[in-house]
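Colleague: Hi! I'm new to this one, could you walk me through it?
Modeller: Happy to, here it is.

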Amino acid sequence: MRDLRKWRLKITLILTAVILMSCGGNSRSWKGNSKSAKDSLKVSAIDSMIVAVEEAKDYERKFALADSLEKTGDISPVKANYWRGTALRSMKKKAASEAYFKKALEVEELQEKDVLYYSRSARILSQMLSVKNDYEATLRVATPAVQKLVGNPKAQSGDLAVLYYVIGSAQMYLGHAEDASESYEKSFEQYMKSISKKDTNGSRIRSAITGINNITVACLNTQHYKEGKKWNDRTDSLLYVYRLRPDADSEVCDHYRARIRLFNALTAYEFGHRAEAEANYAAFQKTDYAATEQGQLDANDYLMKAHRFEEAAKNFRMLDHWVGVRGMKMNLDNISMYLIPKYRANIGAGRKDSAIYVANQIVNAYDSALVWSKRDDTAEMATIYETHQKEEELARSQYELEKRGHDIARQRMISFGIGILLLTGFLGFYTLNKRKAFKLLQDAYDQLEEATSARERIESELRIARDIQMSMIPASNLESEGLDLFASMTPAKEVGGDLYDYFLEKDHLYIAIGDVSGKGVPASLFMAQVIRLFRAMAKQHYTPADICTRINNELTENNENGMFITMFIGLIDLNSGRLDFCNAGHNPPVLGGDADGGNFLKMIPNAPIGLWQGLEYEGEYIDSIKGKPLFIYTDGLNEAENPDLVRFGDDHMLEVLRETHFTSAMQVVESLKRKVEAHREGAEPNDDLTMMCLKVG
């Protein structure tokens, strides 16, 4: 089947070439307004050729055709750049496609035959920029394009409608609501103008429904609910008209009926009409679209606003699959749009383990998103450079075609002169070559020496930083009457973000273990600040919950980097064995001594420390842990990976603890450490590893 399609393409291209040859004349210029039959036939043949390569999805061939046809003067630069842009866009090369769409818009005088390709280039480019939330760039593209197209009889109403919509949305997101409202009205006028024309298959009214629905989304996203309600009602009216058509698509009707009901629920809830909001949401749930993955994600906009976190968290469970199916990269915008709401839904629903899992997803995705962002910037610069090179090449080709006869003699003279200069320069170059090579070698050696010294200096400074960090945590073991405590901390890098601490005063023992987001020097500095705050508040005899609340208030001030820490803080009365504790998003400790030999503590979920200011952390207590070993750890234990990326796991950790006969706190910690090393099978640690074990009485 594929071979047959290739042969069809070849035949089409051969026939097209024959037609072009028969239609060709002495002139290769694309300029002029000739309406001859030959010109019309040639344009038709070229368009047929492009259609053929598009049907074959041979986008590289389409790009090459745009180059060759522009060089021969058979198509204009506007049309050629539009084809290049669409070809690269189909190949998922967004930065490169943007560069060519921009070139298509640089024409000073817009000729009649270029209007369609100009308006489509402006529409596609402005939409691409709007999707990236680059609203200033969107306005720089769409505004002058509209000024050139308005009043032009060849301008397409559909393209103008989209351009006015993206202008309005950019204005709305930039805080110019009145200007946005005016632009939206102009977009609506163009959509109505488009619908008034012959619409054989309903595509025009469907485009209008989509565009006006998008206006509603922009208004709701910027919290202009009154304006959003107006456009949602207009969408509903258009949908009603479309549903009366005999060729109406039932799936399209269901899709937009669902979104209209959902948006009505959002606006009603915002206006305080809770019963109306619930009724509209119930109507949304009855649609087929509500049962789709996209529908469930859309529903979370309302569920989060209505504080129905359990339902939202349930809907978010399919997010990973939805992202995977679409091949979506978790860039900074998608992290903000999907992962952070998923985290907040799980926090609100009290799903601590799921929230921690999503928090790790956010941290990992954030690192990758920064790398992608830098790569995109680099790719865009490379594309701009490549585009300039291609422009120069095309300009040279055109120049040669038009002035070849006049330039032959001149080129010979230039070549002769260059030859003389090269010959003269070669003698001097040969003389100085060895001296220059020696100097380059010496410079390279000096740079290598400097780099080696700098590396050694950095390594020395990191060793000092590690020594300082390790000096901040107390001794590994604490032995007192009726108490056996041992702790261990092993950073994955030179310095880390884990911590443990304890503070014994008479018969009361404060303990803490924590895991800072990220690794390296920033995490170690954050960790040092947390230890300082913990010790200061423990000395003032605050409860564990109060300590978490006060540390959170301190760390959320001016926390521009968004760092946070999960912590378990406990206060033990060594006489009675009572344990008061507060868990701030940390892994659940294991308490031994029961019939199973040990189980995870079931605890109230609290958010990690440092994310949101003003949180009140909840504490709880156990009457007595006397005679029961308490094991606390960071996720460098249960998430330790072997070369096949298999994790140590919670179940395996619990199994090891149950099988370990308690001789001393040190014996338990060292046993776990050996088990983790064996599991890694030589793989580098993927996270800091910190453990604490204690037993009272």
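Modeller: One term before we start: buried means under 20% relative accessible area, exposed means over 50%, and partly exposed lies in between, with a 1.4 Å probe and protein chains only. This is a predicted model, where local features need pLDDT of at least 70 and side-chain atom pairs count only at pLDDT 80 or more, while totals for chains, interfaces and linings use all residues. Residues are numbered from 1 along each chain as its sequence is written, and side-chain values use heavy atoms, with hydrogens and water left out.

Colleague: Great. Is Cys253 buried or exposed?
Modeller: Cys253 is buried, because its relative accessible area is 7%.

Colleague: What about Cys548, which cysteine sulfur is closest to its own?
Modeller: That is the sulfur of Cys582, but at 3.7 Å it is too far for a bond. Cys548 is also buried, at 0% relative accessibility.

Colleague: Switching topic: how many helices and strands are there in the protein chain?
Modeller: The protein chain has 23 helices and eleven strands. These are DSSP runs numbered from the N terminus, H or I of at least four residues for helices and E of at least two for strands.

Colleague: Which strands form the open sheet?
Modeller: Six strands do, in the order 1-2-11-10-7-8, with antiparallel pairing. Strands 1 (477–480) and 8 (599–600) are at the edges with a single partner strand each, so one side of each has no neighbour in the sheet. Two strands pair if DSSP finds at least two bridges between them.

Colleague: How many bridges join strand 2 to strand 11?
Modeller: Eight, between residues 483–490 and residues 689–696, running antiparallel. Asp484, for instance, has Lys695 in strand 11 as its bridge partner.

Colleague: And strand 6, how many of its residues are buried?
Modeller: Five of the six residues in strand 6 (residues 579–584) are buried.

Colleague: Which residues does Asp580 partner?
Modeller: Asp580 is the bridge partner of Leu571, and in strand 9 its partner is Tyr621.

Key: A disulfide is a pair of cysteine sulfur atoms within 2.5 Å.
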